[in-house]
Amino acid sequence: MIKRLAAFVLANLCGYIMQAQSDYSNFQQQSARINTLAKAHPDMVKATSIGKSAGGKDVWMLTIGTGNTSSKPAIAVVGGIQGSHLLGTEMVLGFAEELLNAAGADSIKSLLARTTYYLFPNMSADAMEQYFGKLKYEREGNATTTDDDRDGKSGEDDYDDLDGNGKINWLRIESPLGTFMAHPDDQRVMIKADLTKGDKGKYMLIPEGIDNDKDGEFNEDGEGGVAFNRNLSFKHPSFTKGAGEFAVSEPESRALLDFLYGSPNIYALICFGPDNNLSNPVAYNAGAATQKLVAGYLEPDTKINSIVSELYNKITGMKDAPKTTSAGGDLLSWGYYHFGRLSYSTPGWFVPKAKADTAKKEKALSVDDPVANYLRFASQQGITTSFTEWKVIQHPDFPGQKVEIGGVDPFVLSNPPFKLVADIRKKHTAFLIKLAGLQPEIDILDIKTEKVNAGLTRLTATVANKGVLPATSALGEKNYWLKRISVKLVTGNQQTIISGKKTQLIDTLEGLGSQELTWLIKGSGTVNLEAGAPTVGIKKQEIKL
Ligand SMILES: [Ca+2]
Ligand SMILES: [Ca+2]
Ligand SMILES: [Ca+2]
Ligand SMILES: [Ca+2]
């Protein structure tokens, strides 16, 4: 009996361990995790489907907070911005799980009483499933049918798994026309030949496949679809692959933007995606910032970017992050230029600069290259499964030429080995909590009442932002969608305002900024002063005349 019980316990324990996460979650698993959270913490989390992707998958939103969540300053956090970036989705779900696991702590309770988080774990649910598909390749587009090369046919030339390994790798073809050569320190790695240095190209390099429609291009129109991070309205890259017929043409992008535009309480947008202005803050560019159509961050916003970056780097220890440039149509640019909010983005991880292993007589790489660096990093991590060794194949489009198939595997350059994810989740959770600690918050200070003469009182008060972050970005001050700070003096029948406004609007308050206001009131008794805006909350103060 005891033996049987022991076997039972062991079997269940094994089952439990088997269930522990060992890889990124597919859409079904993501949905299950979302529903588990909503069931376990009904007083703090609400899971809503704000729409369906082109392929019919729910676009999930988690609202985390207590009380009336739409009346509190909020941070929106978005993942799955690029379909191949599984880490982003994992970071958003991971944040929700870590935060709610700690929800019993007083610090988290008070955080969730004053801040609302709107989480959108996966904006590219259709594309992301390709990681779990029979054929693994980095896909960005959703299930919308597209004609990427505008030849009148759709999906006529997709990738082809020529070696049947279930992944799309690379073909290198020996050719005098080739512009690629082997990396001098690692023959497996293909780099562009630098003609100015006297290098000679030896290979052509193309993604694995054949020219199915014989138009001379390889894999130019596959399952394709529209990529979320190319479909938004700032510098929408019209007429390019994956951009969509027009900005915000897709149900996913439309659902997100509709929600965000309808939420004036959001003061910050955090993107867990390919762009990076968190570990590398944006520098002020006077030329771009003063164009009629502003194309650079305004100076006060670059200062805030630096403050937030400093916090981010302190917590995450991200250093030497590669510089990124937004390609247009992306969420980060939309968030700042069109939504007018403080907007920040980070990929959460990049391949760290791998040190040369002197025991193996390695030297520092003589040519900087992301794949060569990755292979060193992978070998130091004991990962041997992320590179497909080159091997010769016969290729119908290159008769009589030497063609090899192989190269770095899809996904590994932008998604860390899963064992590193727990630490990334933890650090980014800490960042999102600390960020809320800087949030703008309205206060009414220095209330003074002076009797001018019998029945006449001068009331002076200072409306202040006691947060480090401004009530709105400097660019947001000019944005239709942002609400200004309203200050109301509510008087009773016994009182008349002789000078000063009953209701007035303040454009914005910078971090730790304030404005003094004054009124002359006839009468006695008490009045009520109310100040606030959706991004800063509301403060009410009763004042005795
Ligand atoms: Ca086509
Ligand atoms: Ca293959
Ligand atoms: Ca073709
Ligand atoms: Ca093809």
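In this predicted model, tyrosine 117 has contacts, beyond its neighbours within four places in sequence, with Leu62, Thr63, Ile64, Ile75, Phe95, Leu99, Leu111, Leu112, Leu432, Ile433 and Ala436. Tyr117 also belongs to the largest nonpolar core, which comprises 75 residues. Together with Ile64, Ile75, Leu119, Ile270, Tyr374 and Phe431, Tyr117 touches the most other members of that core. Helix H3 (residues 86-101) supplies the largest share of this core, namely 9 residues. Another core lies apart from it and holds 31 residues, including Val59, Tyr118, Leu256 and Leu257.

**The calcium site**

The calcium ion (ligand 2) has its protein donors at 2.2 to 2.6 Å. What makes the arrangement of the donor atoms irregular? The 6 donor atoms subtend angles of 51 to 164 degrees around the calcium ion (ligand 2), and the arrangement is irregular because of these angles; six donors would count as octahedral if opposite donors were over 155 degrees apart and all others between 65 and 115.

**The four-stranded sheet**

An open sheet of 4 strands is arranged in the order S17-S15-S19-S20, and its pairing is antiparallel. Strands S17 and S20 (537-544) form the edges, each pairing on one side only. On average, neighbouring strands of this sheet are turned by 15 degrees against each other, with direction ignored. The strands of a sheet pair through backbone hydrogen bonds, in parallel or antiparallel fashion. The table sets out two pairings made by strand S15 (residues 485-490).

| Strand pair | Bridges | Direction |
|---|---|---|
| S15 and S17 | 4 bridges | antiparallel |
| S15 and S19 (residues 526-533) | 5 bridges | antiparallel |

Serine 486 has leucine 505 in S17 as its bridge partner, while lysine 488 stands opposite glutamate 530 in S19. Which residues lie on the covered face of strand S17 (residues 503-506), and which on the uncovered one? Gln504 and Ile506 make up the covered face, whereas Thr503 and Leu505 make up the uncovered face.

Methods:
Residues numbered from 1 in each chain as written. Chains lettered and ligands numbered in written order. Predicted model: local features only at pLDDT ≥ 70, side-chain atom pairs only at ≥ 80, totals over all residues. Heavy atoms only, no water. Donors = N, O, S within 2.8 Å, 3.2 Å for Na, K, Ca; no water. Tetrahedral: all angles 85-135°; square planar, octahedral: opposite > 155°, others 65-115°. Core = buried A, V, L, I, M, F, W, Y, C linked by side-chain atoms within 4.5 Å. Buried < 20%, exposed > 50% of the residue type's maximum accessible area, 1.4 Å probe, protein only. Contact = heavy atoms within 4.5 Å. Pairing = 2+ DSSP bridges. Axes fitted to C-alpha atoms, helices over the stretch in contact; angles between N-to-C directions.
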